[in-house]
Amino acid sequence: MKKITFLILGDLHGSMPKFHTQNFDAIICPGDICGDDIRTAFYSHKDEISDEGGVSDDMDWDEISLQKGRKVLEYLNSLNKPVFLVPGNWDHTPYRDGMGPYILDPEINPWEKIKVGLENIYDVEYTKAEFEGIAIVGHGSTSSPEPLELEEDTNEEELDSRELFFRHRFAELNTFMQEESKPTILISHNAPYGTKLDLIQNEKSYAHGEHYGSGLTRVLIDENQPLLCISGHIHEGVGQEVLGKTTCINSGFKGDINVIVEIDVEQKKIIHVEFLGHSADND
């Protein structure tokens, strides 16, 4: 039996992860690597909100966020094991939520810039990688359900830029997965739509009681049945759920939780899942 063990670290938000085990072959991070200090600034009574909606102080919050993200990536890179990831909605991609251009130039895209020179960091967003006989594809950057309920014959000229962006991204990922015969892992920043992993339980949230996961991810799972889907974003949705033949995992928040997934590559099956650390839940 050829067994591969992945350590999964959920949304780190600029924090260094806590390791509850050293027994793993590779790391998976489903996004939100950079800091979220601006969140605290917005909700602090000490700061006033400007007329433009920003925090009226002299702090460069974007730069602070990016610096924290770079430090996290440098630390993960120093472990000398492959780290597969996608960006999340805090990771400063100009195309976040499909609202900007898809730019891979590190001189323009801050997310690309903070990865430069880190040889063990593999960003798999909208591409495919292979590790020890396992295919890995990724979908990140989004924080809310994508507009996927579109008729197949809809003329692209009738779509707005966000709809067009996600139609093209779905087509790319769907092709990767349809052509793949290896056991496949889908890394998605947002949890698959319509599961216990994407249910908003925060009573203070405007979306309380609603499912707020990724429609694109859910369709990819339903149509292709990858072996595993790794996600985060919905912090209260930590746990796992099975959709057909796909084990879906919401991996938690701030690195307090380590999720261990062991895969039998030859049999193309998951042989062990374990949640380790504070507030771990594997119901």
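Helix α5 buries Gly215, Leu216, Thr217, Leu220, Ile221 and Asn224, and the elements covering these buried residues include β6 (134-139), α4, β7, β8 (228-232), β9 (239-243) and β10 (246-250). Please keep in mind that this is a predicted model. The protein has 283 residues, 53% of them buried, and its secondary structure comes to 5 helices and 12 strands. Taking contacts between residues at least 6 apart in sequence, 64% join residues at least 24 apart.

**Helix α5 and its ends**

- Thr217 sits in helix α5, which spans residues 215-224.
- With a relative accessible area of 0%, Thr217 is under the 20% cut-off and therefore counts as buried.
- Beyond its neighbours within four places in sequence, Thr217 is in contact with His139, Leu186, Ser188, Asn190, Pro192 and Cys229.
- The side chain of Thr217 also makes a polar contact with the side chain of Ser214, at 3.0 Å.
- Just past the helix, Gln225 adopts a positive phi of about 50°.

**Aromatic pairs**

- How many aromatic pairs are there? The count comes to 11 aromatic pairs.
- One of them is the stacked pair of Phe84 and Tyr122, with 5.4 Å from centre to centre and 25° between the planes.
- This pair ties together distant parts of the chain, since Phe84 belongs to strand β3 (residues 83-85) and Tyr122 to strand β4 (residues 121-123), 38 residues apart.
- Phe84 has a relative accessible area of 3%, so Phe84 is buried.
- Tyr122 reaches 37% relative accessibility, which lies between the 20% and 50% cut-offs, so Tyr122 counts as partly exposed.
- Phe84 also pairs with Phe131, and here the arrangement is tilted: the centres are 5.8 Å apart and the planes make an angle of 55°.
- Phe131 counts as buried because its relative accessibility is 13%.
- Ring pairs also join Tyr95, Tyr102, Tyr126, Phe165 and Phe166 into a cluster.

**The largest pocket**

- How much space lies in the largest pocket? The largest pocket holds about 900 Å³.
- Its lining has 22 residues, and those nearest the centre of the pocket are Arg39, Asn89, Trp90, Tyr206 and His233.
- By residue class, the lining of the largest pocket divides into 9 nonpolar, 7 polar and 6 charged residues.

**Two glutamates in loops**

- Where is Glu180 found? Glu180 lies in the loop between α4 (161-178) and β7 (184-190).
- Is Glu180 buried or exposed? Its relative accessible area is 16%, so Glu180 counts as buried.
- The side chain of Glu180 makes a polar contact of 3.0 Å with the side chain of Lys128.
- Apart from neighbours within four places in sequence, Glu180 is in contact with Lys128 and Ala135.
- Glu266 occupies the loop between β11 (257-264) and β12 (269-277).
- Glu266 has a relative accessible area of 54%, which is over the 50% cut-off, so Glu266 is exposed.
- Setting aside neighbours within four places in sequence, Glu266 is in contact with Met1 and Lys2.
- The C-alpha atoms of Glu266 and Gly133 are 8.5 Å apart in space, while the two residues are 133 apart in sequence.

Key:
Residues are numbered from 1 along each chain as its sequence is written. This is a predicted model: local features need pLDDT of at least 70, side-chain atom pairs count only at pLDDT 80 or more; totals for chains, interfaces and linings use all residues. Side-chain values use heavy atoms; hydrogens and water are left out. On a 1 Å grid over the protein atoms alone, a cavity is a set of points where a 1.4 Å probe fits but cannot get out, and a pocket is an open set with protein on both sides within 12 Å along at least five of seven lines; lining residues have an atom within 4 Å of a point. Grid points are joined across faces, edges and corners, and a volume is the space filled by probe spheres set on the points. Ala, Val, Leu, Ile, Met, Phe, Trp, Tyr, Cys and Pro count as nonpolar, Asp, Glu, Lys and Arg as charged, and the others, Gly among them, as polar. Helices (H or I, at least four residues) and strands (E, at least two) are DSSP runs, numbered from the N terminus. Buried means under 20% relative accessible area, exposed over 50%, partly exposed in between (1.4 Å probe, protein chains only). A polar contact is a pair of N or O atoms within 3.5 Å; within protein, one must be able to donate a hydrogen and the other to accept it, and residues adjacent in sequence count only if both atoms are side-chain atoms. Contact means heavy atoms within 4.5 Å. Rings of Phe, Tyr and Trp (its six-membered ring) pair if their centres lie within 6.5 Å; planes under 30 degrees apart count as stacked, over 60 as edge-to-face and the rest as tilted.
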